[in-house]
Amino acid sequence: MDNIDVLVLKALRDWRSAGQHALLATVVRTWGSSPRPVGSMMALREDGRAIGSVSGGCIEDDLIARHTKALNQNLGIPDGPPQLVRYGVSADEAHRFGLPCGGTLELLLEFNPDAASLQQLVTELEAGSLVKRSVDCSSGEVSLQTAEYPDVLEFDGQQLVNHLGPGYRMLLIGAGALAEYLATMALFNGFTVTVCDPREEYMGSWSVAQVNTVTDMPDDAVTAFRPDARSCIVALTHDPKLDDLALLEALHSPAFYVGAIGSRRNNHSRRERMMEHFGETEASLTKLRGPIGLYIGSKTPAEIAVSVMAEILAVKNAVPLPQAMSVEVAKHEHDIAMNEASTHCAIPEILQPGSAH
């Protein structure tokens with residue numbers, strides 16, 4: 001599944017290449033609570049078809065009503081320089097457009113973007129490049145530059161600078177049932193997924209489409225994957241011969257998430273091996289997550305995948321996770337509670353024949 005930004009831009013490219021009128025709406029500023037973050041995009045075609053999202057739906061409806069021939073014959077999608085529109089300035093508007101209390105957002109509308117520029121942008125994004133797209137708000141002129149590092153959207157009222165791509169990627173080590181569930185969830189969240197497993201008996205039964213598969217040794221696969229700041233690597237085999245070297249490669253990469261499945265004991269043993277045999281330290285292993293996932297009492301592969309995907313998304317979105325949500329802490333506290341409960345259990349009295357209760 002393509003990243004949602006790429007889907008929006010590909011649709012817009014196709015419409016404009018076919019000579020159809022269309023606009024690109026980008027969230028450039030927000031105040032208070034907002035249903036969609038800065039940088040969210042939506043493409044709107046002249047007949048009312050829309051891809052992407054800039055709100056919970058009501059603002060999309062308003063844009064369609066204002067700028068499509070199908071719903072308003074007197075107003076089509078115009079040509080001309082970009083326009084800035086604001087939603088949710090008043091409480092009445094916030095209520096009308098379904099914005100949270102106090103929520104306000106601004107959109108930059110680009111009318112009939114150049115098809116050739118869109119084609120170049122999509123081609124570079126599909127090749128895995130990070131592209132800085134700059135828009136001159138007075139003229140609508142667009143420039144594209146290859147960027148080295150992702151950055152936040154910048155908008156000063158005169159120029160929009162947005163870093164696009166590369167999409168988020170996931171490398172899974174091990175092709176078991178848990179990997180299939182996790183890969184499926186990652187695809188739905190816009191990740192490009194690669195699974196690596198040199199074991200024929202596992203890779204031979206892999207059934208999730210749209211996933212890249214490799215049979216290299218995992219550490220070689222991590223090197224070939226070339227992790228960047230939008231990459232995550234997850235080891236799922238429970239086999240140190242496969243997991244450890246891959247994790248060591250991943251730990252010294254820019255990947256935003258590196259983790260391994262396993263119990264608290266296995267996680268402790270893994271860290272001990274890495275420090276004893278590979279020269280790692282407590283400091284260098286800070287990035288290594290394990291046991292992975294958020295504690296939700298998961299038992300089945302599907303539930304564990306939900307737990308792991310939730311943690312990955314939280315880290316991706318820079319959401320601080322309370323210690324109580326970690327599997328290690330939660331299970332430790334659960335063990336303490338169980339021990340205390342067993343200590344306070346009453347020992348049943350053995351009654352002798354003829355004795356009273």
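This is a predicted model: local features need pLDDT of at least 70, side-chain atom pairs count only at pLDDT 80 or more; totals for chains, interfaces and linings use all residues.
Strand β14 covers residues 257-260. Tyr257 and Gly259 point one way from the strand, Val258 and Ala260 point the other way, and all are buried. In a regular strand the side chains alternate between the two faces of the sheet. β14 pairs in the parallel sense with strand β13 (residues 231-235) over four bridges, and valine 258 is the bridge partner of isoleucine 233. Together with helix α9 (residues 264-278), β14 and β15 make a right-handed β-α-β unit.

A search of the whole structure finds two aromatic pairs. In one of them, the ring centres of tyrosine 168 and phenylalanine 191 lie 5.7 Å apart with the planes at 45 degrees, so the pair is tilted. Tyrosine 168 is in the loop between β9 and β10, and phenylalanine 191, 23 residues apart from it, is in the loop between α5 and β11. Tyrosine 168 also forms an edge-to-face pair with phenylalanine 256, at 5.8 Å centre to centre and 90 degrees between the planes. This pair links parts of the chain 88 residues apart, with phenylalanine 256 in the loop between α8 and β14. Phenylalanine 191 is buried at 0% relative accessibility, and phenylalanine 256 is buried at 19%.

Two charged side chains sit over rings. The charged end of lysine 316 is over the ring of tyrosine 168, 4.9 Å from its centre, and that of arginine 169 is over the ring of phenylalanine 225, 4.0 Å from its centre.

Note on methods
Residues are numbered from 1 along each chain as its sequence is written. Side-chain values use heavy atoms; hydrogens and water are left out. Buried means under 20% relative accessible area, exposed over 50%, partly exposed in between (1.4 Å probe, protein chains only). Helices (H or I, at least four residues) and strands (E, at least two) are DSSP runs, numbered from the N terminus. Two strands pair if DSSP finds at least two bridges between them. A crossover is right-handed if, with the strands pointing away from the viewer, the path from the first strand over the helix to the second runs clockwise. Rings of Phe, Tyr and Trp (its six-membered ring) pair if their centres lie within 6.5 Å; planes under 30 degrees apart count as stacked, over 60 as edge-to-face and the rest as tilted. A charge sits over a ring if NZ of Lys or CZ of Arg is within 6 Å of the ring centre and within 35 degrees of the ring normal.
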